[in-house]
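The entries below follow the order in which I worked.

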Amino acid sequence: MEANSDTPREPQSDQRPLDSRPSDLLSREECLEMFRQLYLARYFDVRLIKEKKRGRLRGTLYSSHNQEAIMVGSLYGLKPTDWISPIHRDMPAFFLKDLRGNWDAEERSGMSIEEVCAQVWGRVGSPGRARDNWSHIGSKSKRIIHSTSMLAGTIPVAAGVVYADRSRGGDAVCLTYNGEGSTAQGIFHEAINFATVHKLPVITIVENNQWAYGTPVSQGSPVTDIADRAKGFGIPGYIADGQDVFDVYDKVTTAVNRARAGEGPSIVECKTFRAYGHGDHDDDRANKYRDPEEIMLGRLRDPIAICRQSLVSKGFLSAADAELFIAEGKSATDATNDDFPPEVVDFLNKGIEFAVNSPLPEAAEGGMWVFKESN
Amino acid sequence: MAVMEAVAAAKSDAPIAKNYLTAIKEAISEEMTANPEMIAMGEDIGLLGGAFGVTDGLLNQFGRERVIDMPISEGVIVGSAVGMALNGKTVMAEMQFIDFISCGFDQIVNMMATYHYRTAGEVNLPVVVRGPAGAYGGGALYHSQMNEAWFCNSPGLRVVCPSTPYDAKGLLKACLRDGNPTIFFELKELYRRSDIAEVLPDEDYTVPLGKAVVRREGTDITLVSYGQNVYHCLLAATELEKVGVHAEVIDIRSLVPLDEETIFTSLAKTNRIIVVNEAPMTCGFAGEIISRVTTKAFDLLDAPPLRITRLDTPVPWVKPLELYVLPSVEKIVQAALATVKY
């Protein structure tokens, strides 16, 4: 029977029920590690906001508060050989990559907290010697693509990286992170189009936090669910609860497994909410151009609290242990070190100590490395 | 077998003069043979062999993994080339017409050009973006551009523009081995010109970047150019010779890096200079050369340096309009005579 064009269409959400939940296979230790990583990401943000307010940092701070589950849940299942391309709001992703419980490991396929802090502080200890700001770092050896400010522009680069990897028999995937705002860019669609033609293992994660700087998603996208964009390419579009680290893990792992098996790209839309302004310069205005009720509701489902509930119901966390560190629901001003596990505070302290003791680059470095010296 | 023998015989008896297009084709093919990590990509470059046939035969020679028919997206062509180079490949990325490069502009100037700088030297991107450029063929606004100035103004890019088959082959090879991202301007009106075809060395060779060449020696005035305008300068020099003016013609070949020495050495002899290019005048590369002359070699000048460029207009379609806005032999001769008499 042919559909009558007047017939109301089915709802367009492409939230596919998963055949299985990969997170069911995670051990207690792994789940607790992901929980700790949420604290790590939150503490990084809280501490940097405090440092910035004390005038110790330069540059714009793009808070990842309330969006930590997307980073932790998507990165946790990766192999060391996999690539990522984080964006401005994903600063913790640089050290969360390949962390997996080995926080002090010398050799891992992610940045050390020292490197990340040196970058934030603008010191030579940064992987890019502080030549571009904040999140615009990366590392070829750690398999992190360096982003620019032109968002969605890393998706074609990701496609090229995995194309090269596949030509050498590798099975690396690349996770590219994007906001919902950049899905309006032509390159977003052009790159997924190319990746799909070649069945490249590129997973486009869309952190739909409802706001692209000062523009709500309703003004930037004709589709409510960005995952629906996948239909035009004939690829899966998964919707994850961006506040639930295990749901993100499930959807991303499913997309990754598919990509690694040679079946091509997916889009994983993670529904979330931007807690503060676009950057810290925008915090005050963001409380005006956004409805107070919307902000209150958006922050209500804190990823740390949701993870804690899951762990208690899985029986991985006792009721007593669950109450030890309550960081959720606290703004950077309210939160203190006592709200976080001590190893989390120590981890970042180590990074900050390295950063503040790392010198500024020599001024003349500003003129260096425009070209590689000719062979 | 008979064909092979005929080819061998032709090769041994009389060396074959090769045109500009063949020279470029050979450079790509030879580099891909020597470097298994090299990839060629672009619109219609495989099955079709390229809109102009530059990549004809590559697909059969190297297969679909290394010769990629890309979707029509210059942004993805450049962006994925960057990704491949980031992960160990050398990439030749063709723009079907250099005019279309604007669709990939962000990936070129923000992603590719800055990568080495941003990473304090950790990442080198051996990517050559090349394509047919230039006017005089009735290609109209979007198949005639010379937009080299955009890229000269974006630090981190080599910008190269050969005028002869020998240079086209040698410079393209040099660029592919250089390790820096390059925008390589080819003149489509030169692709099949038989009068500039030349015998190329059998052995592997490169032409160094940043080295200009004197195409004709003279003592009275220096004409500096690149690309197909070099031939306008040479014809103008022939005309000028008839009235006793000996013009020296310099082909800079690469814009970034620029060989200033060869220009200043010539100027020390002639004390007069005209720079010719077919891009529009304002903020064009002719202006850059003259700026360097006036700031670094002012004492050598006996007359105001001049620019002969396209008018500050797009390139119009029909012949009279097109020729009206472009540099010509006539315009160069007139300007040279005025400069000599100054």
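The notes that follow concern a predicted model.

**Entry 1. The sheet of chain B**

I began with the strand order of the sheet in chain B. The sheet is open and has seven strands, in the order S3-S2-S4-S5-S7-S6-S12, and the pairing is mixed. I then looked up which strands form the edges. They are strand S3 (67-69) and strand S12 (254-256) of chain B, each of which pairs on one side only. Direction ignored, neighbouring strands of this sheet are turned by 20° against each other on average.

Within the sheet I examined one pair in detail. Strand S4 (residues 90-94) and strand S5 (residues 127-133) of chain B pair in the parallel sense, over four bridges. In this pairing, Met92(B) stands opposite Val128(B) of S5(B).

**Entry 2. Helix H2 of chain B**

Next I asked which strands helix H2 of chain B touches as it packs on the sheet. Helix H2 (residues 20-34) touches strand S2 (38-42), S3, S4, S5 and strand S7 (182-187) of chain B. The direction of H2(B) makes about 135° with that of S2(B).

I also looked at the helix that meets H2(B). The axes of H2(B) and helix H8 (residues 165-178) of chain B come within 8 Å and cross at roughly 30°. Because angles under 35 degrees count as roughly parallel, H2(B) is roughly parallel to H8(B). The crossing of the two helices is right-handed. On the side of H2(B), the residues in contact include Tyr20(B), Ala23(B), Ile24(B), Ala27(B) and Glu31(B). On the side of H8(B), they include Pro165(B), Ala168(B), Leu172(B), Leu176(B) and Arg177(B). I noted a general point beside this list: an α-helix has 3.6 residues a turn, so residues three or four places apart point the same way.

**Entry 3. Gln107 of chain B**

Is Gln107(B) buried or exposed? Gln107(B) lies in helix H5 (residues 105-112) of chain B. Its relative accessible area is 2%, and buried means under 20%, so I recorded Gln107(B) as buried.

I then looked up what surrounds this side chain. A polar atom of the side chain of Gln107(B) lies 3.0 Å from the backbone oxygen of Gly153(A). Leaving aside neighbours within four places in sequence, Gln107(B) is in contact with Gly153(A), Pro156(A), Val157(A) and Ile187(A) in chain A. In chain B, the contacts on that list are Gly75(B), Val78(B), Gly79(B) and Met112(B).

**Entry 4. Enclosed elements of chain A**

I turned to chain A and checked helix H2 (residues 68-75). Eight of its eight residues are buried, so the helix is largely enclosed by the rest of the structure. Among them are Glu68(A), Met71(A), Ser74(A) and Leu75(A).

Strand S7 (residues 266-271) of chain A came next. Five of its six residues are buried, so this strand too is largely enclosed by the rest of the structure. I looked up its partners. Strand S3 (residues 202-208) of chain A pairs with S7(A) in the parallel sense over six bridges, and Ser266(A) in S7(A) is the bridge partner of Ile203(A). Strand S6 (residues 237-241) of chain A pairs with S7(A) in the parallel sense over five bridges, and here Ile239(A) stands opposite Glu269(A).

**Entry 5. Ala195 of chain A**

Ala195(A) is found in helix H6 (residues 186-197) of chain A. Ala195(A) is buried, with a relative accessible area of 2%. Not counting residues up to four places away in sequence, Ala195(A) touches Leu200(A), Val202(A) and Pro265(A). The C-alpha atoms of Ala195(A) and Pro156(A) are separated by 7.9 Å, although the two residues are 39 apart along the chain.

**Entry 6. Backbone geometry**

Last, I looked up backbone values. Most residues other than glycine have a negative phi, and most peptide bonds are trans.

- The peptide bond from Val256(B) to Pro257(B) is cis, with omega near 5°. Pro257(B) is found in the loop between S12 and helix H10 (260-270) of chain B.
- Ala130(A) has a positive phi, near 60°. Ala130(A) is found in the loop between helix H4 (113-120) and helix H5 (154-167) of chain A, and is partly exposed, with a relative accessible area of 25%.
- Trp369(A) has a positive phi, near 60°. Trp369(A) is found in the segment after helix H13 (342-357) of chain A, and is partly exposed, with a relative accessible area of 25%.

Terms used
Residues are numbered from 1 along each chain as its sequence is written. Chains are lettered from A and ligands numbered from 1 in the order in which they are written. This is a predicted model: local features need pLDDT of at least 70, side-chain atom pairs count only at pLDDT 80 or more; totals for chains, interfaces and linings use all residues. Side-chain values use heavy atoms; hydrogens and water are left out. Two strands pair if DSSP finds at least two bridges between them. Axes are lines fitted to C-alpha atoms, for helices over the stretch in contact, and angles run from 0 to 180 degrees between N-to-C directions. Contact means heavy atoms within 4.5 Å. Buried means under 20% relative accessible area, exposed over 50%, partly exposed in between (1.4 Å probe, protein chains only). A polar contact is a pair of N or O atoms within 3.5 Å; within protein, one must be able to donate a hydrogen and the other to accept it, and residues adjacent in sequence count only if both atoms are side-chain atoms. Angles under 35 degrees count as roughly parallel, over 145 as roughly antiparallel, 65 to 115 as roughly perpendicular and the rest as oblique. A crossing is left-handed if the near helix is turned anticlockwise from the far one by less than a right angle, and right-handed if clockwise.
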